Amino acid sequence: MIQKPKGTYDIFGTNSGKILYLRKLITALMDKYNYDYVQTPIFESSELFHRGVGETTDIVTKETYDFTDRGNRNLTLRPEGTAGLVRCFIENKLYVESKPLKAWYFGSMFRYERPQSGRNREFTQFGVEAFGSNDPMLDAEIISIVVNFFKMLGLKGIKVNINTLGDSESRKMYRKALLDYFKPHLNELCSDCQTRYEKNPLRILDCKVDSKNEVIENAPKMEDYLNQTSLDHFSKVKEYLKTMGIEYIVNPKLVRGLDYYTHTVFEVEADIKDFGSQNVLGAGGRYDNLVETIGGPSTPGVGFAIGIERLLLALEAENIDITEGKKLDAYAFSMSTNAKSYMLSLVNNLRMNGFNVDMDYLERNMKNNFKHADKLKAKFIIIIGDDEVTNKIITVKNNETKEEFKVKLENIVEFLDEKLGDE
Ligand code: HAM
């Protein structure tokens with residue numbers, strides 16, 4: 001039997017309903033904040049991620065799905081959405097439009113990670129990016145969207161961690177301090193960190209292998225190297241979060257696994273007992289140099305992405321049921337082959353008039369048709385026999401009250417409208 005690739009999953013049954021419902025909620029939420037939906041390709045030129053996400057990140061060095069196509073192009077399945085949105089922003093010259101440009105996306109991302117609960121090789125992100133303003137109010141808005149979305153879903157156990165990585169000048173000073181500090185301790189670090197020392201020493205602080213290493217614990221802290229501009233930006237973000245009543249914890253160790261961040265970074269964790277190690281539900285931050293790094297005009301940006309699978313796990317852990325329950329207005333069946341095309345035409349007409357209708361495709365007997373209508377949770381059952389065809393009067397049964405009606409064919413739309421409107 002052919003099976004799905006490791007780290008992927010099929011969505012069906014209640015889970016597919018949940019995903020569709022979340023998308024619906026997200027679409028409505030994004031209207032409230034005036035963000036536009038943007039869709040970019042699932043694969044991009046590999047260079048985009050090397051330049052954008054960063055040569056020293058695990059995501060690029062260990063986790064990308066790279067391939068060459070039949071035209072020998074080097075392509076990569078997107079591991080995240082920000083780089084693709086930035087490419088789209090530059091390529092389509094969206095920077096000439098009103099600023100800030102506020103966009104959202106929803107789709108599959110791919111990372112070759114060791115699969116476990118909440119960590120897949122293909123997973124879904126809902127993300128948001130805003131380009132063109134360096135106002136800390138936008139950082140606060142971005143964080144507030146994540147928090148408000150979770151609140152809207154009824155999720156209680158969440159913890160917001162924030163930090164600042166400062167601007168380029170502060171980063172340069174901090175980088176130098178880290179290089180000086182780690183130099184005499186290089187042989188106490190893991191081999192990955194020795195490479196990070198050369199390319200991006202900040203990433204040493206985020207090392208999973210060395211997380212309890214005292215050398216890393218005692219490393220210089222970013223907060224001691226922030227210039228005034230960076231300090232001011234961060235204190236404004238915190239002030240705006242307070243203004244909106246959003247609770248947060250400043251975590252100076254938060255550096256994030258992607259290279260493009262400047263100033264604010266944040267992670268929203270599930271704070272739920274026994275949730276498991278993959279507890280970061282959503283994360284993001286500001287990236288004021290990324291558009292330029294990828295070849296566009298200097299444009300600040302800020303955004304986040306939420307892992308939909310992890311969000312579903314968190315909702316389940318808190319016993320929050322977001323299944324919407326499909327609503328079938330009517331189920332139709334015919335009593336004879338003769339009445340079949342009559343049924344098809346009627347069902348087609350009802351669907352075109354906005355009703356959710358299904359019908360019998362298996363020529364079941366009456367008893368099984370009633371059973372099937374129950375299974376589909378149909379509110380009304382429409383029965384069409386030869387008699388009905390001749391007289392143009394159909395039998396409609398309310399499947400809850402079991403009341404039966406004879407309805408003239410030409411009145412069926414009004415009849416269902418009225419009856420369903422009563423509910
Ligand atoms: P990220 O932290 O790499 O950030 O991913 C964001 C979220 O995607 C994570 O918090 C997690 O919920 C989910 N996620 C990541 N990897 C996996 C996985 N293997 N399986 C399941 N879920 C996963 C970004 O991707 C940035 N682009 C976010 C951003 C947008 N920053 C600024 N704008």
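At what angle do the axes of helix 1 and helix 11 cross? This is a predicted model, and the tour starts with that pair.

**Stop 1: two helices.** Select residues 13-33 for helix 1 and residues 308-317 for helix 11. Their axes come within 12 Å and cross at roughly 105°. Angles of 65 to 115 degrees count as roughly perpendicular, so helix 1 is roughly perpendicular to helix 11. Now show side chains. On helix 1, the contact is made by Lys18, Ile19, Leu22 and Ile26; on helix 11, Ile308, Leu311, Leu312 and Glu316 take part. Sorted by class, this contact has six nonpolar and two charged residues, with no polar ones.

Stop 2: Next, select residues 65-68, which are strand 3, and residues 74-77, which are strand 4. The two strands pair in the antiparallel sense over four bridges. Pick aspartate 66 and look across to strand 4, where threonine 76 stands opposite. Strand 3 and strand 4 form a hairpin, with five residues between them. In the turn, click on asparagine 72, which has a positive phi of about 65°.

- From tyrosine 260, a polar side-chain atom lies 3.0 Å from a nitrogen atom of the ligand.
- At leucine 281, a polar backbone atom is 3.1 Å from an oxygen atom of the ligand.
- At phenylalanine 304, a backbone N or O atom lies 3.3 Å from a nitrogen atom of the ligand.

Key: Residues are numbered from 1 along each chain as its sequence is written. This is a predicted model: local features need pLDDT of at least 70, side-chain atom pairs count only at pLDDT 80 or more; totals for chains, interfaces and linings use all residues. Side-chain values use heavy atoms; hydrogens and water are left out. Two strands pair if DSSP finds at least two bridges between them. Axes are lines fitted to C-alpha atoms, for helices over the stretch in contact, and angles run from 0 to 180 degrees between N-to-C directions. Angles under 35 degrees count as roughly parallel, over 145 as roughly antiparallel, 65 to 115 as roughly perpendicular and the rest as oblique. Contact means heavy atoms within 4.5 Å. Ala, Val, Leu, Ile, Met, Phe, Trp, Tyr, Cys and Pro count as nonpolar, Asp, Glu, Lys and Arg as charged, and the others, Gly among them, as polar. A polar contact is a pair of N or O atoms within 3.5 Å; within protein, one must be able to donate a hydrogen and the other to accept it, and residues adjacent in sequence count only if both atoms are side-chain atoms.
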